[in-house]
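Student: I would like to go through this model with a few pointed questions. Can we begin once it is on screen?

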Amino acid sequence: MNSLLAAATLHNGVKMPWLGLGVYKVQEGEEALQAVKAAIKAGYRSIDTAALYQNEESVGQAIKESGVPREELFITTKVWNEDQRNDSVLEAFETSIQKLGLDYVDLYLIHWPVKEKYKQTWKVLEQLYKEGRIRAIGVSNFQIHHLEDLQSIAEIKPMVNQVELHPLLAQAELRDYCRKQEIQIEAWAPLGQGRLLEHPVLKEIAAKYNKSTAQVILRWDIQNGIVTIPKSVKESRIIENAAIFDFSLTETDIQKINALNEDKRFGGDPDHFTF
Ligand code: NDP
């Protein structure tokens, strides 16, 4: 696990890089284009977008302009809640793929577990997977009870569960469950949306390794077997966030970071969301 090419192996054998670029709230157009190009130039091979982010066209353009062969990249997008409610999951997938300018996506996720809908949505994802339009299918913001409920109808187990996860929301129980089920955990808001970077304990650990707080958090992710997708639109930070393969946290420091957990969410609660 010592480079940006280092990858987790999903339960269907597909390799997914441990580190990727997240592009939530990155503006369609120049901002998204430049951020994704900077990331690919810095060696990133995984990009996490969503229909909701409204920047799939720029992500697609950046992929083309990067000159990196398609098969070397790992592209994730997600089906939004409204499309689950409207039974338009298939159309949503076609729209995403067309905007991205791709023939297939590497990972397609159910963005949130919309009640009474996500099982039906899963069936559509399974179909697309069987047709070879998606290399891996997964979910996002699923709690253990959602995963168990999904199992009652699933022919294919999700390969990934992307959830809010950072030192203040360590998700120990969910991680343990997913490890046993061979569902790869992926952290969204790994940096607590930027709010964790001044945390005194993390700063102290970072100083010891001569690394930034962001790098320590991201290293904590990958040493814990968590795929991570920090977002930045600044080239220097995109480069900084990837420089995490040249050091290791000691077990004691990992435990110190584990002890920061407060079960604190910055984003929505998967059991009580209204969007
Ligand atoms: P992050 O935890 O990645 O934090 C991003 C913030 O941190 C931005 O404000 C960024 O600012 C700042 N930042 C990044 N790197 C550094 C650094 N080295 N030093 C200082 N500041 C830094 O939050 P996100 O919410 O963006 O989560 C990451 C990704 O997860 C998203 O982009 C998206 O792809 C995904 N996601 C998925 C969700 C889901 O429901 N499935 C929900 C939310 C996010 P700047 O850009 O100015 O550098």
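**Contacts, helix packing and backbone**

Tutor: At 37% relative accessibility, Lys-256 counts as partly exposed. Lys-256 is found in helix α11, residues 251-258. Keep in mind throughout that this is a predicted model.

Student: How far apart are the C-alpha atoms of Lys-256 and Ile-205?

Tutor: Along the chain, Lys-256 and Ile-205 are 51 residues apart.

Student: How are α9 and α11 oriented to each other?

Tutor: Helix α9 covers residues 213-223, and its axis is 11 Å from that of α11. The angle between the two is about 105°. An angle of 65 to 115 degrees counts as roughly perpendicular, so α9 and α11 are roughly perpendicular.

Student: How many charged residues are in the contact of α9 with α11?

Tutor: On the α9 side the contact is made by Val-216, Trp-220 and Gln-223, and on the α11 side by Ile-254, Ile-257 and Asn-258. By class, these residues divide into four nonpolar, two polar and no charged.

Student: Are α1 and α2 parallel, perpendicular or oblique to each other?

Tutor: Helix α1, residues 30-41, packs with α2 at an axis separation of 8 Å. Their angle is about 40°. Angles under 35 degrees count as roughly parallel and those of 65 to 115 as roughly perpendicular, so this pair falls in the remaining class: α1 and α2 are oblique.

Student: What is the handedness of the crossing of α1 and α2?

Tutor: The residues of α1 in the contact are Ala-32, Leu-33, Val-36, Lys-37 and Ile-40. They meet Ser-58, Val-59, Gln-61, Ala-62, Ile-63, Glu-65 and Ser-66 of α2. The contact holds seven nonpolar, three polar and two charged residues. The crossing of α1 and α2 is right-handed.

Student: Moving to charged pairs, how many salt bridges are there in the whole structure?

Tutor: Side chains of opposite charge can pair when their charged atoms come close. The cut-off applied here is a side-chain nitrogen of Lys or Arg within 4 Å of a carboxyl oxygen of Asp or Glu. A search of the whole structure on that basis gives 17.

Student: Which residues form a network of salt bridges with Arg-70?

Tutor: Arg-70 and Asp-106 form a salt bridge with an N to O distance of 2.8 Å. The pair links distant parts of the chain, with Arg-70 in the loop between α2 and β5 and Asp-106 in strand β6, 36 residues apart. The network linked to Arg-70 consists of Asp-106 and Arg-135.

Student: Is Asp-106 buried or exposed?

Tutor: Buried means under 20% relative accessible area. Arg-70 has 17% and is buried. Asp-106 has 1%, so Asp-106 is buried.

Student: What separates Glu-82 from Arg-85 in helix α3?

Tutor: The side chains of Glu-82 and Arg-85 meet in a salt bridge at 3.2 Å, N to O. Glu-82 is partly exposed at 39%, and Arg-85 is partly exposed at 34%. Because the two are three residues apart in α3, residues 81-85, the separation is about one helical turn.

Student: Which helix holds the salt-bridge partner of Lys-119?

Tutor: Lys-119 pairs with Asp-149 at 2.9 Å, N to O. Lys-119 is in helix α5, residues 118-130, and its partner is 30 residues away, in helix α6.

Student: Which residues are in contact with Phe-273, leaving aside neighbours within four places in sequence?

Tutor: Phe-273 lies in the segment after α11. At 15% relative accessibility, Phe-273 is buried. With those neighbours left aside, its contacts are Asn-81, Arg-85, Trp-112, Pro-113 and Val-114.

Student: What is the phi of Asp-87?

Tutor: Most residues other than glycine have a negative phi. Asp-87 lies in the loop between α3 and α4 and is partly exposed at 45%. Although not a glycine, Asp-87 has a positive phi of about 55°.

Student: And what is the phi of Glu-182?

Tutor: Glu-182 is in the loop between α7 and β9. At 53% relative accessibility, Glu-182 counts as exposed. Glu-182 is not a glycine, yet its phi is positive, at about 60°.

Notes
Residues are numbered from 1 along each chain as its sequence is written. This is a predicted model: local features need pLDDT of at least 70, side-chain atom pairs count only at pLDDT 80 or more; totals for chains, interfaces and linings use all residues. Side-chain values use heavy atoms; hydrogens and water are left out. Helices (H or I, at least four residues) and strands (E, at least two) are DSSP runs, numbered from the N terminus. Buried means under 20% relative accessible area, exposed over 50%, partly exposed in between (1.4 Å probe, protein chains only). Axes are lines fitted to C-alpha atoms, for helices over the stretch in contact, and angles run from 0 to 180 degrees between N-to-C directions. Angles under 35 degrees count as roughly parallel, over 145 as roughly antiparallel, 65 to 115 as roughly perpendicular and the rest as oblique. A crossing is left-handed if the near helix is turned anticlockwise from the far one by less than a right angle, and right-handed if clockwise. Contact means heavy atoms within 4.5 Å. Ala, Val, Leu, Ile, Met, Phe, Trp, Tyr, Cys and Pro count as nonpolar, Asp, Glu, Lys and Arg as charged, and the others, Gly among them, as polar.
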